[in-house]
Amino acid sequence: MKFGIIFYAIFAILAFFLVVYLLQYFIPLSIIFFIGVFINIVFIHKEYSLHKSDKIEYTEHSIPEEIIVKYSRSGRIIAIATYSIFVTLGLFFLLGLKFKFNGTAMFVLFILLGLTGYFIFKIISEVKNMSQIIISINGKGIQIKNNPRYLWNEIQLEKIIAKRLVSREPKNDYKPEINYLYFFHNDEKIEINIDDFDITDYQLAQVLKIFRARFNNSGLPI
């Protein structure tokens, strides 16, 4: 965690000096590096928050009647800031384009408009994702987005699993892990990637155990 924070802090400082320098010569490029500073600051906050969240221990009394899981807000902000870089570049080239009525100019114009519009659409989508409920867990069961809720008496083997990405290079020792919410609903296997949510895999594992215990102790048929 400390290495990650130091890494992002160094890039933020370097990008900030570039912002100050480029303000005198090329403002559009300085805006891009300013966004880079912002992205690195969000990464620092995300690393710190993840480290802090992993120390939180949930208990029967500290968990409310329902847990709502959404996409990571910091992840959405980083994505929006990244897309903003491409929008800034697109607008810069559009404003600087010397338009002439010929095939080449029209083609370049349509490409720039298309790419800029696409990244604006992506920004709007990320803003909407901030408020979208992905997982809801309560005493009745687990609900994924707007699908019907999976009831506890129909769920088995609910847990958090980690899968390693297999590299094509056999000498590559680093194999990143992807965490999933995993359970069986009747005979159907359900897996949901949880790496980009506002709850850690450790926290979600605690939540599953507590709600399963609540259901088992409720006296309802299992």
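I first read off the elements of the protein chain, which run α-α-β-α-α-β-β-β-β-β-β-α from the N terminus. That gives five helices and seven strands. Helices (H or I, at least four residues) and strands (E, at least two) are DSSP runs, numbered from the N terminus.

I noted the ground rules next. This is a predicted model, where local features need pLDDT of at least 70, side-chain atom pairs count only at pLDDT 80 or more, and totals for chains, interfaces and linings use all residues. Residues are numbered from 1 along each chain as its sequence is written, and side-chain values use heavy atoms, with hydrogens and water left out.

**Whole chain.** I looked up burial: 34% of the 222 residues in the protein chain are buried. Buried means under 20% relative accessible area, exposed over 50%, and partly exposed in between (1.4 Å probe, protein chains only). I then checked contacts (heavy atoms within 4.5 Å). Among those between residues at least 6 apart in sequence, 64% join residues at least 24 apart.

**Sheet.** I found an open sheet of three strands, in the order β5-β6-β7, with antiparallel pairing. Strands β5 (155-164) and β7 (188-193) are at the edges with a single partner strand each, so one side of each has no neighbour in the sheet. The twist averages 25° from one strand to the next. Pairing takes at least two DSSP bridges between two strands; β6 (residues 177-185) and β7 have six. I saw phenylalanine 183 opposite isoleucine 190 in β7.

What lies across β5 and β6? I found helix α5 (residues 201-217) there, running at about 170° to β5. Axes are lines fitted to C-alpha atoms, for helices over the stretch in contact, and angles run from 0 to 180 degrees between N-to-C directions.

**Arginine 76.** Is arginine 76 buried or exposed? I noted it as buried, with a relative accessible area of 8%. Arginine 76 lies in helix α3 (residues 73-96). Leaving out residues up to four places away in sequence, I listed its contacts as Tyr71, Glu126, Asn129, Met130 and Asp196.

**Phenylalanine 26.** I placed phenylalanine 26 in the loop between α1 (2-22) and α2 (27-53). Phenylalanine 26 counts as partly exposed, at 33% relative accessibility.
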